[in-house]
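Subject: Structure handover

Hello,

I am passing this structure on to you. Please look at it first; my notes follow below.

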Amino acid sequence: MKAISYSRYGGPDVLEYGDVRDPRVGPDSVLVKVRAAAVNPVDWKCREGHLDGLLEPVFPVVPGWDLSGVVVQPGAAVSEYAVGDEVIGYVREDFLSRGTFAEYVAAPVRTLARKPRTLSYEEAAGLPLVGLTAYQTLVKVLQVKRGETVLVHAAAGGVGSVAVQLARHLGARVIGTASDHNHDFVRSLGGEPATYGDGLAERVRGLAPEGVDAVLDTVGGDTTKVSANLLAPEGRLVSVADPAVVDYGGRYYFVRPDPEDLLRLSELAEQGVVSVHVSETFPLARAADAHRLNEEGRTRGKIVVTVDWESEPETG
């Protein structure tokens, strides 16, 4: 089958499009015919070796953790899915090798949920990682309550844009940091925009003089420190970008696959609570260009790689 892979750490140029071995379907997995796979910052960070101490690579590595597609073969022990079922997945394992930038993926059942009927394959592929990150941090870690004020950083990005929508659904007031040209987008999601950069603390205090009840930090560095100083008494801070958040009394969180959480996100998407903005799509063969664009860090919503099965031969 065709896939994108890399045999050593490095920049986007190490990504190669070509044939790799077909995946084997274990008892607790299903073979998914991939229709789309989203790009996330963690993909290029893994490719550059930044997570080498956390996830062992088994080269060649096929990158990608997000997908949407169709089940073509259930594993021997699988009763949850049948041939033809449309699914989404955050297909992460404890090593790097069998990613989603491929024609087919053998996905463990624990990483999947049914695809939202109201989303296209491209939109659905952009939901799992960012949706789970937003849902687990807001609901399980920060435990956001109705009437609270929540500060979401990079509110126009993948995680941030979903987090704004979820926090509003939970009944919170949401302040979202974003560049000026993304302010209208943040407003369309239900958030109150605040320009990031110098003077951010003053701008947020102008909107919430008594402090914010909860902060979701997706940026790290100085943003984490500033966030800690913006908390109201008993305020909570979580970062998905900077482990140093613990030095400021916050919690560092690394998203994990959870089929129940993913199904809940699918339901919320069908209810119109959560939408996914796809800023640009690339064919599978141009996944390196998708990585380059994602590394620029200015994406509104998601970048998605597609597998065009009308023009690419089926080899599974």
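**What was found**

Glycine 272 is exposed, since its relative accessible area is 59%, and the cut-off for exposed is over 50%. The model is a predicted one. Glycine 272 sits in the loop that runs from helix 8 (259–270) to strand 16 (278–283). For a distance across the model, take glycine 272 and serine 79: their C-alpha atoms are 29 Å apart, and the two residues are separated by 193 residues along the chain.

Glutamine 136 is at the other end of the scale: it is buried, with a relative accessible area of 1%, where buried means under 20%. Glutamine 136 belongs to helix 3, which covers residues 128–141.

A polar atom of the glutamine 136 side chain lies 3.0 Å from the backbone oxygen of arginine 256. Leaving aside residues up to four places away in sequence, glutamine 136 touches Val141, Tyr253, Val255, Arg256, Asp258 and Asp261.

The rest of helix 3 gives the setting for this residue. Twelve of its 14 residues are buried, so helix 3 is largely enclosed by the rest of the structure. Among the buried residues are Pro128, Leu129, Val130 and Gly131, as well as Tyr135, Gln136 and Val141.

Regards

Definitions and conventions:
Residues are numbered from 1 along each chain as its sequence is written. This is a predicted model: local features need pLDDT of at least 70, side-chain atom pairs count only at pLDDT 80 or more; totals for chains, interfaces and linings use all residues. Side-chain values use heavy atoms; hydrogens and water are left out. Helices (H or I, at least four residues) and strands (E, at least two) are DSSP runs, numbered from the N terminus. Buried means under 20% relative accessible area, exposed over 50%, partly exposed in between (1.4 Å probe, protein chains only). A polar contact is a pair of N or O atoms within 3.5 Å; within protein, one must be able to donate a hydrogen and the other to accept it, and residues adjacent in sequence count only if both atoms are side-chain atoms. Contact means heavy atoms within 4.5 Å.
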